[in-house]
Structures are given as C-alpha cells and as structure tokens.
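Work through the exercises below with the sequence and the 3D structure at hand. Each task is followed by a solution in steps.

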Amino acid sequence: MKPGKTISLLWGLRSFCASHGCLYCYFGTTAEHSVQMPTQLGVLSHLSPNDLTTDQVLAFAATLPDSPVGRVFLAGGEPLLWRPIIKLIEILKAGGLEVVVCTSGVALNRADLRDPLIELGVDAVSVSLDSADPVHNDQWRPPRRDGDGWEAVVCGISALIEARGPAPRPKVGIYSVITRQNLPDILAVPELAATLGCDYAVPQPIALDPGHNLTQTLSLTPEHVPALRRHFDELYAADLPLVLPERTYAGQVAAAVTKPTDLVPGCFGGDTLYFIQPDGTVWDCPSGLKIAATAPERHRTIKDTAARDLFPAPTGCGNDCALFSEDCVNMWPLTSFPVLAPTRPEAPRA
Ligand SMILES: C[S@@+](CC[C@H](N)C(=O)[O-])C[C@H]1O[C@@H](n2cnc3c(N)ncnc32)[C@H](O)[C@@H]1O
Ligand code: SF4
C-alpha cells in the first residue's frame, strides 16, 4: 500500500447471497431467519432489509481516496452478483486503492463479471472453496442452483487465471474453511490451488458461536490441535509455489482453538483494520465479541459520512483487546495479506 494509506477495510457490501447457502455462513441461513430474524447488534442476515442503497455505497466510496484507507476487501453476501460492484470497483481503483474481491467463485464463469475485474486492475480475487473433495465442499457450501457447486467454482478460478494471462493482477487465491471434518484440506486445498495456477491459499478456522447448531459437528477443539499442527507442518513443508499466511498463523489458529478468549496486545482492529456491515455500520473488527462490547458512542455509520471522519491515521501500535477468538485469526491473513505488500508487521502472538 502507498505510504500513509495503511488502513484495510473489510466491507460486507450486501446481505443477500444469490450464490450459495453455506450452512456455517456468518450471515446465518435463510431457512432459520425466515422463521425469526436476529435482532442483536452486529448479527448479520442474508434477509436483512437494511442494506445501504447503491447511491449511499458509491457516495462513501468516493470519499475513500481522501482518507488513510489503502486497501478494501469487498465481501458479502456475494459481492460479484450485485451489479453496481463494477461501478464501485471503478471508483475505488480510480482513487488509487487496492481492491480485493472475496467471492464464492461461480460468477467468475461469466465473462461480463470476470473481465472487468482484470480491466479495472483489481489487485486480488479470493475464492472460497473448502475442500479438494467436491462432495465435502458441496455438503457444507451447497449451491443455490444445480451446477454451481465445486466444479463450477474450480472452472471459475481457471477461467479467471486464463483470462488474466501473463498480467500480474489480479492475484488469485483460495480461502477454505477448516472444520473438524476436513483437517486434511489444510494441505489438500493449497495443493489443488497450486495445480490450478493460483497465487495464494489460506486455510481459515471455522468460527461459530457456542450456541450454533453446528458447533458440535464442525468447531475445532483442543483435541484437534495436534492434527491441526501436523497438517499445517505438512503444508509449510510441501513448499508449494504459492503465498501462504506467515508461519506464525498456525500457532494463532491453535491458540484460538485452545483458549477461546485471551488478550491481544496491540491488535490491528480499530487501528489498521475496520469492518463495515451491509447497513453501513462501522466496527473496529468483525468479531462478535468485540461488536457486543463496543460502547454506544462508538456506533458509527458510513451513511452520509466521509471516510476521513471515520478513520484517523493509524497509530501503528494497535489497541489492546481481551477478546481474542477464531474471528480474529481470520483477520490476520487479511491485514498482513502477504500476496500484496504487507500493511504492518505480524501481530505479536504465536
Ligand atoms: C461471508 S463470505 C462473503 C464472500 C463470498 N460470498 C464468499 O463466500 O467468499 C467471506 C468468507 O467468510 C467465510 N466464512 C463464512 N462463514 C464462516 C464461518 N462461520 N467461519 C469461518 N469462515 C466463514 C467464507 O467461506 C468466505 O471465505
Ligand atoms: S457464498 Fe459466501 S456469503 Fe454466500 S452463503 Fe456462502 S459464505 Fe455466505
């Protein structure tokens, strides 16, 4: 990132996901929310009626170049199936920002959605794929339409890499959600990513509330730590032609699983990283624990607000936070995001 532009935003642009119905999704499932919508602060829903309008989103984006924000991760819901995303990327890239698109990958099969990512100079595209085994992937990431499962995602990745050709951008990577059911995918998905010609791969631990109906089936516990460490060791030993999270990441994942909450000295949340939810609310980070603990006077929105008024120049020292969890671990590969230039040194934790 450019000097003085050291803040990253994780921007959940839209609530709806027309692509998949992932059973563990941070946005919950439409089945459960059509019975009862969540009302707690910061709890996301694919059915939320409160997303900002296109004009509100684009107006805020136009203020970002005049702020310390240097990198924006566009996530969802599914951002690529929201038409104005192309206009949004155009504004962000014209303003000199780095843009990373986080997608389910199916939309990459459409030239009208894929080609503009290359033409507009998107810096990276992170595609979600949980397993080298199509059956496992499609069990937990079921597509909404027949034919949009594992094979379509892999085809989308290949189509983007082929369309990019020898150009240096966008970098293309795979993010996979690791649960107690797919620990070998810590190595197997990056191996697949390397075969496809990807540039990076990130295995990320599943983050579920203790009361979630899949916690007992999917969440990692201390008893999974030896296997977790073994598979990460195999991954780093495999020496794949890919950028991976820094080596300390495996220790962070193990720490999050072993000690669900703990102190993080100098956390990047609220200093070099912020999270925006689809209704425009700005949080220091997407951690449910952190959002619940945020004082009312710090509840802020991007609606009718300029970015420079929301994001002061980072101190670089971060903020001490006593709420370390899997949610935080999933942010580390975003803030250091080594496939592009790092934003700051790795947080001091192993
Ligand atoms: C919410 S999705 C939005 C972008 C896009 N729809 C996608 O699937 O990549 C962003 C990332 O969060 C991951 N994710 C969703 N729910 C999760 C959970 N409970 N724990 C860990 N990662 C999760 C997804 O697999 C995906 O990599
Ligand atoms: S594709 Fe992304 S937003 Fe859609 S349900 Fe899956 S994880 Fe959630």
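**Exercise 1. Surroundings of serine 126**

Task: In this predicted model, list what serine 126 touches, leaving out residues up to four places away in sequence.

Solution. 
- Step 1: Locate the residue. Serine 126 belongs to strand S4, which covers residues 124–128.
- Step 2: Collect the contacts, taking heavy atoms within 4.5 Å as the criterion. Val100, Val101, Cys102 and Thr103 are among the residues touched by serine 126. The list also includes Gly173, Tyr175, Tyr200 and Phe337.
- Step 3: Check the accessibility. The relative accessible area of serine 126 is 4%, so serine 126 is buried.

**Exercise 2. Overall build of the chain**

Task: Determine how the radius of gyration of the protein chain compares with that of a compact globule, and describe the chain as a whole.

Solution. 
- Step 1: For 350 residues, a compact globule would have a radius of gyration near 20 Å.
- Step 2: Compare. The protein chain has 19 Å, which agrees with that value.
- Step 3: Along the principal axes, the C-alpha atoms fill a box of roughly 45 × 45 × 45 Å.
- Step 4: Note the elements. The protein chain has 14 helices and 11 strands.
- Step 5: Of the 350 residues, 58% are buried. Among contacts between residues at least 6 apart in sequence, 78% join residues at least 24 apart.

**Exercise 3. Aromatic pairs**

Task: Count the aromatic pairs, then classify the pair of tryptophan 11 and phenylalanine 60 and the pair of tyrosine 274 and phenylalanine 311.

Solution. 
- Step 1: Count. With ring centres within 6.5 Å as the limit, the count comes to 4 aromatic pairs.
- Step 2: Classify one pair. Tryptophan 11 and phenylalanine 60 lie 5.5 Å apart, centre to centre, with 85° between the planes. An angle over 60 degrees counts as edge-to-face, and this pair is edge-to-face.
- Step 3: Place its partners. Tryptophan 11 is in strand S1 (residues 7–12) and phenylalanine 60 is in helix H2 (residues 54–63), so the pair ties together parts that are 49 residues apart in sequence.
- Step 4: Check burial, for which the limit is under 20% relative accessible area. Tryptophan 11, at 2% relative accessibility, counts as buried, and phenylalanine 60, at 1%, counts as buried.
- Step 5: Classify the pair of tyrosine 274 and phenylalanine 311. Their centres are 4.7 Å apart and the angle between the planes is 55°, a tilted pair.
- Step 6: Tyrosine 274 lies in strand S8 (residues 273–276), while phenylalanine 311 lies in the loop between helix H12 (307–310) and strand S11 (319–321), so the pair ties together parts that are 37 residues apart in sequence. Both tyrosine 274 and phenylalanine 311 are buried.
- Step 7: Look for a cluster. Phe232, Tyr236 and Tyr249 form one aromatic cluster.

**Exercise 4. Backbone details**

Task: Which peptide bond at glycine 77 is cis, and which at proline 170? Then decide whether aspartate 239 is buried or exposed, and do likewise for aspartate 304.

Solution. 
- Step 1: Take glycine 77. The bond from glycine 76 to glycine 77 is cis, with omega near 5°. Glycine 77 sits in the loop between strand S2 (69–75) and helix H3 (85–94).
- Step 2: Take proline 170. Arginine 169 and proline 170 are joined by a cis peptide bond, with omega about -5°. Proline 170 is in the loop between helix H6 (150–164) and strand S5 (171–178).
- Step 3: Take aspartate 239. Although not a glycine, aspartate 239 has a positive phi of about 55°. The residue lies in the loop between helix H9 (225–237) and helix H10 (248–258). Its relative accessible area is 67%, so aspartate 239 is exposed.
- Step 4: Take aspartate 304. Aspartate 304 is in the loop between strand S10 (300–301) and H12. At 76% relative accessibility, aspartate 304 counts as exposed.

Conventions. Residues are numbered from 1 along each chain as its sequence is written. Chains are lettered from A and ligands numbered from 1 in the order in which they are written. This is a predicted model: local features need pLDDT of at least 70, side-chain atom pairs count only at pLDDT 80 or more; totals for chains, interfaces and linings use all residues. Side-chain values use heavy atoms; hydrogens and water are left out. Helices (H or I, at least four residues) and strands (E, at least two) are DSSP runs, numbered from the N terminus. The radius of gyration is taken over C-alpha atoms; the globule rule is 2.2 Å times the number of residues to the power 0.38. Buried means under 20% relative accessible area, exposed over 50%, partly exposed in between (1.4 Å probe, protein chains only). Rings of Phe, Tyr and Trp (its six-membered ring) pair if their centres lie within 6.5 Å; planes under 30 degrees apart count as stacked, over 60 as edge-to-face and the rest as tilted.
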